[in-house]
Amino acid sequence: MKQRIKKCIICKVDFSTMYRVQYKNPKEWVFVCKECLLEVKKDNPNYTYGGTWKR
């Protein structure tokens, strides 16, 4: 069975659980890991959560 993994757009590390977010202008949907998610959403008026992706 093929293992599904995505790479975090910020730290460039592969993860099996990712978070779909918009966090800067222009608003674009990207996948980030949990650690990077906590950093980009802190006091960020451009932050929008778009769901969780799991393998």
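The exercises below, with worked solutions, concern a predicted model.

Local features need pLDDT of at least 70 and side-chain atom pairs count only at pLDDT 80 or more, while totals for chains, interfaces and linings use all residues. Residues are numbered from 1 along each chain as its sequence is written, and side-chain values use heavy atoms, without hydrogens and water.

**Exercise 1.** State which strands pair with β3, and in which sense.

Solution. Strands are DSSP runs of E with at least two residues, and helices are runs of H or I with at least four, numbered from the N terminus. Two strands pair if DSSP finds at least two bridges between them. Strand β3 (residues 17-22) is antiparallel to β5 (residues 48-54), with 5 bridges. Here Thr17 faces Lys54. Strand β3 is also antiparallel to β4 (residues 30-32), through 3 bridges. There Val21 stands opposite Val30.

**Exercise 2.** Find which charges sit over the rings of Phe31 and Trp29.

Solution. The criterion is NZ of Lys or CZ of Arg within 6 Å of the ring centre and within 35 degrees of the ring normal. Lys6 meets it over Phe31, at 4.7 Å from the ring centre. For Trp29, the charged end of Arg20 is 4.0 Å from the ring centre.

**Exercise 3.** Describe the backbone at Pro26, Lys12 and Asp43.

Solution. Most residues other than glycine have a negative phi, and most peptide bonds are trans. The bond between Asn25 and Pro26 is cis, with omega about -5°; Pro26 belongs to the loop between β3 and β4. Lys12, in the loop between β1 (6-7) and β2 (14-15), has a positive phi of about 65°. Asp43, in the loop between α1 (34-41) and β5, has a positive phi near 50°.
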